[in-house]
Amino acid sequence: MTLRLMEGTEAIAEAAILSGCRFFTGYPMSSFTKLLEHFAQKLPENNGVCINAESEIEGINMTIGAASTGARAATGSCGQGLALMQEAIAEAALNETPLVIFNMARNQQDYFQATRGGGWGDYRTITLAPKDVWEAVEHTQLLFHLADLYRAPVLLYGDDLIAKTQVGVEIEAREFGTLPDKNWALDGKLSGTGKSRVTWTFAWGKHNTPGLRADKHWRNIAAKFDAINNIEARWEQQYTDDAEIVVVAFGTVAKFVESVVEELRTKGHAIGFFRPITLWPFPNDALEQATNSVRRVLVFELNAGQMIDDVKLSVADKTKVQGIGGVSVHDSGLSYGDLLSAQSILTRIEEIITGDKK
Amino acid sequence: MNYIATNAPPAEKSKLVANSHSPLLQTTEHHFCAGCGEPVGIRILLEALSELSLVDGSIGVVGHGCYGGAVTTIDVDILQCLHGRAPSCATGIKRMRPESTVFTIQGDGDMVNEGLQEVLHTAARGENITCVLFNNGVFGDTGGQMTTTSVIGQRTKNSINGRDPAAHGFPIHISNLIASLEGSAYVARGAVHKAGAIAKTKRMLKRALSLQQQGAGFTMVEILTMCPTGWFVPVSEGGDYMADSMEKIYPVTVLKNIA
Amino acid sequence: MEVEVMISGIGGQGIQLVAKTLSVAAISEAHHVQMSSEIGGEMRGGLSISSVVIGDHPIKALPILDKTSSALIFHHKFSEKVIGNLRPDAVVMLNDSVFEGEIQKEDLQIWRIAATTIAEDMGHPMTAGFVMLGAFNKITGLVSQNALSDAMEKVIPPYRKQHIEANLAALRAGEDSVSSDYASIWNHNSPLLKVIG
């Protein structure tokens with residue numbers, strides 16, 4: 001094993017290129033900017049193209065174009081930039097174009113944006129939330145696979161910490177199984193043959209080769225997302241077997257929560273930990289099972305309460321669920337605030353434990 | 001100028017006056033209104049591709065307007081994209097398949113309203129694609145509303161007393177804007193209201209596509225197309241109306257030809 | 001084994017460069033490394049803290065540390081955060097030429113190095129950070145002295161290559177400024193072992 005010191009954005013770019021990504025677009029925006037810089041440097045060296053998009057809207061549409069030819073293509077941004085991309089994310093979901101979107105979020109306030117989206121139509125976005133750079137490297141490769149497997153846009157919910165933390169990491173190729181041929185990819189080779197193709201959200205097809213058209217096509221898409229919902233949920237849980245309290249958290253923040261839970265375990269508390277790795281599909285069933293016999297389900301997220309909605313949808317007895325996080329951002333607005341510390345999390349959980357004993 | 005009487009059925013039934021089509025159409029069935037200029041534009045674009053032997057390997061990107069439904073009949077691989085975004089999608093396609101011939105079809109609402117920055121940035125980047133604009137100065141697909149290219153005085157459903165600069169601003173001369181950018185190699189404005197204009201416009205399309213093959217940079221052909229329905233004029237008067245209104249503001253000419 | 005090194009100071013003192021040099025040196029010797037940074041908005045004079053974690057197994061530490069087994073403190077400004085995180089018996093190196101005040105904490109292993117004065121005497125005041133790093137590494141032995149020199153040359157950006165000689169001299173001067181012999185933590189004779197057990 002040869003480790004190389006890389007910041008998260010560089011490791012993600014290398015993992016993407018190792019996955020066969022040959023096209024990237026981006027528009028500078030902290031904390032996403034460095035990812036663009038790494039792709040801009042690395043893609044041309046790897047027979048790829050990186051375009052400094054003039055806007056996020058243009059960037060993601062270029063990526064849709066590149067992906068429509070069958071190339072593995074990606075884009076990224078955060079917050080407001082992702083907001084601008086919503087129309088195109090929905091479009092890619094509905095015209096079945098695989099693309100990977102790196103959301104190097106500034107904090108956890110974009111959970112709804114990632115999991116609900118602001119596009120149009122019946123679509124979902126597979127969203128993976130790594131807890132650190134090493135997992136982001138794995139998720140990056142997995143996302144390219146899932147995008148191709150399901151012909152859908154997929155999203156990495158990274159963050160400012162993953163973006164800029166430098167770690168020793170080895171980027172190893174991972175195998176996720178075989179993928180269907182991209183016989184839908186546009187290459188112009190069927191133009192003029194009477195069998196030419198069209199990629200279109202409304203799925204009208206061509207005169208000679210009619211498509212399903214909107215109603216049936218969109219019902220199929222809905223069924224596809226339904227199937228993904230049943231298959232692709234991923235999560236991690238610790239100490240839930242005998243836990244009286246389970247703390248739920250996602251992303252980098254979950255890594256902090258996990259360390260606090262471990263510390264409380266060593267102090268003898270019956271506390272467990274649950275981390276959704278996929279934010280969509282949310283691991284509802286697993287969370288329900290993990291929390292069936294607990295006294296409390298605490299949700300620590302650094303926002304006004306977003307994932308807690310999904311937690312409440314999962315936990316049989318909603319009265320057990322309580323949010324213990326909150327809005328906490330750096331005064332610059334560009335990264336996490338003071339609540340992201342093992343000590344703060346420990347204090348909040350201990351307050352609950354103490355309160356319960358009274 | 002005569003306007004269509006909408007208080008009674010047409011006095012005369014529509015009749016077929018000609019029947020010839022490009023072999024690159026999978027069917028001659030269509031949904032265009034009588035007197036529409038867009039099918040003429042599509043036809044000469046397809047003829048240009050065929051005559052240049054560029055059909056094999058050609059990929060189209062089509063936006064949203066009346067021409068959009070033609071993606072089902074044009075026998076070319078097509079990405080039907082979001083409103084306004086065709087030049088961006090075409091950029092991604094061309095960069096991944098540089099050997100292919102990539103063209104876009106957009107209307108004035110698509111290109112000059114919704115997608116103005118897409119086309120300007122794509123041209124400025126010198127992307128090696130050919131953008132075709134069907135400019136009729138009106139949103140035909142939604143029933144005749146004002147676009148950024150509607151000429152002063154033009155009656156539309158949301159400028160019912162005519163486009164008034166005080167209320168609606170001035171039209172955008174998109175081809176002139178694009179010609180001013182260093183990344184554009186060829187910019188021309190044609191029209192399809194007369195046989196001579198059609199022949200000339202087809203030559204413009206062939207020139208643009210040839211230059212794309214040579215890697216010259218961004219090429220664009222704006223085609224003034226009649227929309228008697230959206231202009232609320234009789235079908236037979238669409239051509240004359242266009243000559244009197246749009247063509248005076250947007251003269252047919254080659255604006256830029258680097259070679 | 002996992003060792004935390006927090007480095008604090010003000011922007012312009014080379015905090016991030018020193019942290020990166022230590023991290024790259026550790027990687028070159030096949031250790032596991034995590035380096036996270038907190039930087040204020042300003043290029044000069046603002047907060048600059050870097051946290052390096054070096055281990056002999058995949059790093060478990062969080063990217064924001066609230067405990068550290070060692071610290072290099074370049075300036076009294078912004079040092080409270082690092083001082084508050086010091087573990088009992090933590091190894092602390094202070095830039096004595098700049099640092100004002102006292103550390104109000106018992107049970108520390110403190111070294112005071114007149115790093116800026118040493119650097120100024122050599123005609124390169126900007127190299128004080130490498131004086132600190134050279135001294136710190138000689139005491140703690142996190143990496144070999146050669147690895148540190150090689151790492152510095154690697155991390156210096158191309159437009160600063162003219163400073164390599166001065167930086168090398170600074171690393172050596174830092175090493176010479178502490179009387180103790182080079183101790184390697186990996187050979188179990190570093191004072192850091194008192195902290196991490």
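A:Lys131 is buried, at a relative accessible area of 17%, where buried means under 20% relative accessible area, exposed over 50% and partly exposed in between (1.4 Å probe, protein chains only). The model here is a predicted one, in which local features need pLDDT of at least 70, side-chain atom pairs count only at pLDDT 80 or more, and totals for chains, interfaces and linings use all residues. Residues are numbered from 1 along each chain as its sequence is written, chains are lettered from A and ligands numbered from 1 in the order in which they are written, and side-chain values use heavy atoms, leaving out hydrogens and water.

The side chain of A:Lys131 meets that of A:Glu236 in a salt bridge, 3.6 Å from N to O; the term covers a side-chain nitrogen of Lys or Arg within 4 Å of a carboxyl oxygen of Asp or Glu. This pair links distant parts of the chain, 105 residues apart: A:Lys131 sits in the loop between strand 6 (126–128) and helix 6 (133–150) of chain A, and A:Glu236 in strand 10 (residues 235–238) of chain A. Helices (H or I, at least four residues) and strands (E, at least two) are DSSP runs, numbered from the N terminus. A:Glu236 is buried too, with a relative accessible area of 17%.

Next comes a pair with partly exposed partners. A:Glu244 and A:Arg295 form a salt bridge at 2.8 Å, N to O. Here A:Glu244 belongs to the loop between strand 10 and strand 11 (245–248) of chain A, while A:Arg295 belongs to the loop between helix 10 (284–291) and strand 14 (296–299) of chain A, 51 residues apart. A:Glu244 has a relative accessible area of 41% and is partly exposed; A:Arg295, at 39%, is also partly exposed.

Chain B has its own example: B:Arg95 and B:Glu127 form a salt bridge, with their closest N and O atoms 2.9 Å apart. B:Arg95 lies in helix 2 (residues 86–96) of chain B and B:Glu127 in the loop between helix 4 (116–124) and strand 4 (130–135) of chain B, so the pair ties together parts 32 residues apart in sequence. B:Arg95 is partly exposed at 31% relative accessibility, whereas B:Glu127 is buried at 4%. Back in chain A, salt bridges with shared partners join A:Lys131, A:Glu135, A:Glu236, A:Glu258 and A:Arg275 into one network. Over all chains, the search finds 43 salt bridges.

Now for helix packing. In chain C, the axes of helix 1 (residues 15–28) and helix 5 (residues 145–155) come within 8 Å and cross at roughly 120°. Axes are lines fitted to C-alpha atoms, for helices over the stretch in contact, and angles run from 0 to 180 degrees between N-to-C directions. The angle makes helix 1 of chain C oblique to helix 5 of chain C; angles under 35 degrees count as roughly parallel, over 145 as roughly antiparallel, 65 to 115 as roughly perpendicular and the rest as oblique. Residues making the contact include C:Leu17 and C:Lys20 of helix 1 of chain C and C:Ala147 and C:Leu148 of helix 5 of chain C, contact meaning heavy atoms within 4.5 Å. Among the buried residues of helix 5 of chain C are C:Ala147, C:Leu148 and C:Met152.

In chain A, the axes of helix 3 (residues 56–68) and helix 4 (residues 79–95) come within 8 Å and cross at roughly 30°. Helix 3 of chain A and helix 4 of chain A are therefore roughly parallel to each other.
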